[in-house]
Amino acid sequence: MRLGFLASHGGSNMQAILDGCAQGSIDATPALLVCNNPKAGALDRAAKSGMPAQILNGKTHPDPPALDTAILKALRDTQVDLVILAGYMKKIGPQLLSSYQNRILNIHPALLPKFGGQGMFGMHVHEAVVASGETESGATVHLINEVYDEGPILAQARVPVHTDDTPETLQLRVLAQEHKLYPATIAKIASGQIQLP
Ligand code: GRF
């Protein structure tokens with residue numbers, strides 16, 4: 001199984017998956033990083049691990065359908081089987097979505113279906129969870145479909161929310177779980193233990 005990553009920022013989840021592949025706990029080959037942000041830390045991580053990367057964004061392709069085509073071509077040219085969204089802040093184009101139907105994974109830093117949807121990304125999610133008084137949060141790995149954060153859920157990890165938590169302390173607790181949950185879920189897909197539709 002060949003993995004293609006889409007990332008915009010630090011790429012710590014991508015790193016956890018690269019580590020899993022290198023250590024043999026994930027039976028898959030990291031094939032390509034597609035990144036929209038030339039300053040993303042994910043690009044350094046890809047370079048260090050020897051994984052090819054391409055910068056594709058609104059500057060390289062001002063026309064959105066052309067950008068969609070270019071991203072799809074890059075993934076196909078490197079024979080990617082499974083697309084891993086790892087902190088990717090851009091919308092997935094319709095061509096990529098239909099060509100890789102049920103083969104695009106995302107991780108969301110809350111227990112979907114709660115705290116998902118428009119505007120629920122990054123620290124906004126943890127702010128909303130802390131403000132709501134919930135006693136539990138976590139991370140969700142799910143398939144991507146046309147509606148943000150609404151594709152089928154594949155796995156979740158739970159963490160407590162403490163009464164003295166700030167969005168920042170909660171984020172750290174959730175992120176530590178993300179780094180276990182995402183590689184473990186991909187390992188199960190690669191081994192056939194989780195079968196995608
Ligand atoms: C994570 O919190 C993830 O849940 C969300 O974006 C963040 C990515 O962080 N989708 P990183 O780039 O993997 O460090």
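Predicted model: local features only at pLDDT ≥ 70, side-chain atom pairs only at ≥ 80, totals over all residues.
In helix α2, which spans residues 41-49, the buried residues are Ala 42, Leu 43 and Ala 46. They sit on the same side of α2, because together they cover an arc of only 105° around the axis.

Just after α2 comes Gly 50, whose phi is positive, at about 80°.

Now for the charged pairs. Side chains of opposite charge can pair when their charged atoms come close. Counting a salt bridge whenever a side-chain nitrogen of Lys or Arg lies within 4 Å of a carboxyl oxygen of Asp or Glu, the model comes out with four salt bridges. Three of them are described below.

Asp 77 and Lys 73 meet through their side chains in a salt bridge, with 2.6 Å from N to O. Both belong to helix α3 (residues 64-77), and because they are four residues apart there, about one helical turn separates them. Asp 77 is exposed, given its relative accessible area of 52%, a value over the 50% cut-off.

Another pair bridges two loops. Lys 114 forms a salt bridge with Glu 134, and the closest N and O atoms are 3.2 Å apart. Glu 134 lies in the loop between α5 (123-132) and β6 (136-143), while Lys 114 lies in the loop between β5 (104-108) and α5, so this pair ties together parts that are 20 residues apart in sequence. Glu 134 counts as partly exposed, with 24% relative accessibility. Lys 114 also counts as partly exposed, at 45%.

A further pair runs between strands. The side chains of Glu 136 and Arg 158 meet in a salt bridge of 2.8 Å, N to O. Glu 136 is in strand β6 and Arg 158 in strand β7 (residues 153-160), so this pair links distant parts of the chain, 22 residues apart.

Definitions and conventions
Residues numbered from 1 in each chain as written. Heavy atoms only, no water. Buried < 20%, exposed > 50% of the residue type's maximum accessible area, 1.4 Å probe, protein only. Arc of directions from axis to C-beta.
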